[in-house]
Structure formats: C-alpha cells, structure tokens
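User: I am new to this structure and would like a short tour. Could you take me through it?

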Amino acid sequence: MNQTQQRLKKISYIIVSIYFVIGLLDLISFRDSMGAKFSLLDALFVKVLNVQKERTYTEPFGLYRESKHFEKPKGLHILGTDINGNDVLLQTLKGAKTALLLAIGVNLIAIPIGIVLGVIAGYFGGWIDDIIQWFYTTVASIPWLLFVITFLMIFGRGMIWIIIAIGLTSWVELARIARGETLKLREMNFIKSSLIVGKSHFRILWEEILPNLSSIVKITFALSSSHIIVAETVLTFIGIGIEPGSSSWGIMIAEAPRELLRDPPIWWNFFSASFLGILPLILALNILAEER
C-alpha cells in the first residue's frame, strides 16, 4: 500500500468515525420539562449554535432576500431551512443516525447468515454443500427490489422491517465468498493436522476457519453498508422507505425534485443530503472495502 492509499485510508476512517459519533449523539435522547424529546445533537445545535426553528424556508449562510417564499432568519442556518423551517444542516447530520442503524442492523442479520451457511457448505461439502448452494441460488434468483417492496407492504415501513427486509436479501454474496474461501482452507495442512490430532469439526471451524475469514467480514461490512445507504435512498425515493417525519437522506432526496422546481429553486436540501450526507460516507466505505 503506497502513501496515497494510506492517506486515503486514514481519511476514510476519520470520515466514518465522524458519522458514527454524530449518529450516536442523535441516538442519545432526553425529554425536557414539557415532555418533548430531544437528542444530544439537537441540544448542541440549539444551546451552542443557537439554531432555532423557523416558519418556512430561509436561505443558506443567513442570506435574506425579499420573497413570498423566504422569511428573515431568526438564527444562523448555514445551509438554510426547509419548508417546515427545520435547519437543513441539522437534518442532514440526523440522517447519519438512520444510516448507522440501518448499516449495523442489516449487517447483524446478513453477516451471520452468510458466514454460517458459507462455512458449513465449504467445509463439509457433499450433499450439505448441494442443499446450501441450491438455497442461496434460489434466494439470489428472487428480484431484490420486488421482495423488499412485498415485504414492506405486508409488514409496514418501520425501521425494523426495513432492516429485516434488506438483511434477508443481503447475505447471498457473502455466503458464496465464505464457501469458496473455506474450500481452499480445508485443503491446507494446518486444517488436516487439526483433524489428525482429533480436534472436533466445531473447534476447527471456530478456531481455524472463522479467524481466517475476518478480513472478508470486515470488507463485506464496509461494502454492504454503502449499498444499504443507497438502497434506503432508493426505497424512500419510490415511496416505500423510511416513513415521513423521520430524519433520512432518502427523504431529503425524495423531496428534492419538488423543491428544485420552485421559483427560486430550493437547492440546499438536495445539495446537503447528496454531498454532505451520502457521498462522503459512501466514498469512505468503498475505500475501506478495498483494503487488503
């Protein structure tokens, strides 16, 4: 790995860490004396940066022009406010919580399924391998989008159902890779030596095979997370993703076409969600996924 790649890797880790911390700040929430719920991130913007809710649109950087669409801002909104007067920068940062929950939740479902099935198929081979291959080939033949739409129409659009729907369709590629890697590992001398000295199959899988798949899991987590963020955006854009009222980059992107058609165009929602929310995180995750 050359110096440029090392720098990119460090920058990527920093970017992912920043989004992770922002997501955690928004996850930790309290209730005020009136019973209203607010997070640490909300408190930081309101108490420290004095960001207040407006009545409707305000322009970025505190700019103000006479128009029926805009009102004079009461506070500083670096990226303006949306039609409901919510600070766009705050909404963008709050989208990190949704991305964090989706990425962790989906991977908690997909990675164990993919690893367990792939390792068992590759290690034992024979009819077990045939059945598992048939199973994941069948799952892979089901159109992903059709399955997710059907699933969400049956169970609803809650976060947990979105996580389950995407998780149940995201393990196949990992199972294939884990199977292929296990097929190579089981022919190596250290595995044969373990069998000769009487180690059980479970101990061999746990102590010898799984540790050698850790890099695959790490790469899959990073790559899968970027796919999940894009998937949530697509699902929300077509109207079956995160429910309105939640903070999500998908919702901001879904509202962008209508906002951009206004006169003057409201561009800061789209800009903020795309170039401050989704793009940096996906680029960073993809760079980390290329790590060797």
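This is a predicted model: local features need pLDDT of at least 70, side-chain atom pairs count only at pLDDT 80 or more; totals for chains, interfaces and linings use all residues.

User: How many helices and strands does the chain have?

Analyst: The chain has twelve helices and two strands. Along the sequence, the pattern is α-β-β-α-α-α-α-α-α-α-α-α-α-α.

User: And what does the C-alpha trace span along its principal axes?

Analyst: The trace spans about 80 × 45 × 40 Å. Of the 292 residues in the chain, 42% are buried. The chain exposes about 15900 Å², with 67% of that supplied by carbon and sulfur atoms.

User: Now helix 1 and helix 3: at what angle do the axes cross?

Analyst: The axes of helix 1 (residues 3-27) and helix 3 (residues 88-124) cross at roughly 100° and come within 8 Å. Angles of 65 to 115 degrees count as roughly perpendicular, and helix 1 and helix 3 are therefore described that way.

User: Which residues meet there?

Analyst: Among them are Tyr19, Phe20 and Leu24 in helix 1, and Leu93, Lys97 and Leu100 in helix 3. The residues of this contact divide into ten nonpolar, one polar and three charged.

User: What does serine 248 contact?

Analyst: Leaving aside neighbours within four places in sequence, serine 248 is in contact with Gly95, Thr98, Glu232, Thr236 and Ile242. The side chains of serine 248 and glutamate 232 are joined by a polar contact of 2.7 Å.

How values were computed:
Residues are numbered from 1 along each chain as its sequence is written. Side-chain values use heavy atoms; hydrogens and water are left out. A polar contact is a pair of N or O atoms within 3.5 Å; within protein, one must be able to donate a hydrogen and the other to accept it, and residues adjacent in sequence count only if both atoms are side-chain atoms. Contact means heavy atoms within 4.5 Å. Axes are lines fitted to C-alpha atoms, for helices over the stretch in contact, and angles run from 0 to 180 degrees between N-to-C directions. Helices (H or I, at least four residues) and strands (E, at least two) are DSSP runs, numbered from the N terminus. Angles under 35 degrees count as roughly parallel, over 145 as roughly antiparallel, 65 to 115 as roughly perpendicular and the rest as oblique. Ala, Val, Leu, Ile, Met, Phe, Trp, Tyr, Cys and Pro count as nonpolar, Asp, Glu, Lys and Arg as charged, and the others, Gly among them, as polar. Buried means under 20% relative accessible area, exposed over 50%, partly exposed in between (1.4 Å probe, protein chains only). Accessible areas come from the Shrake-Rupley method with a 1.4 Å probe; for residues, only the protein chains shown count as cover.
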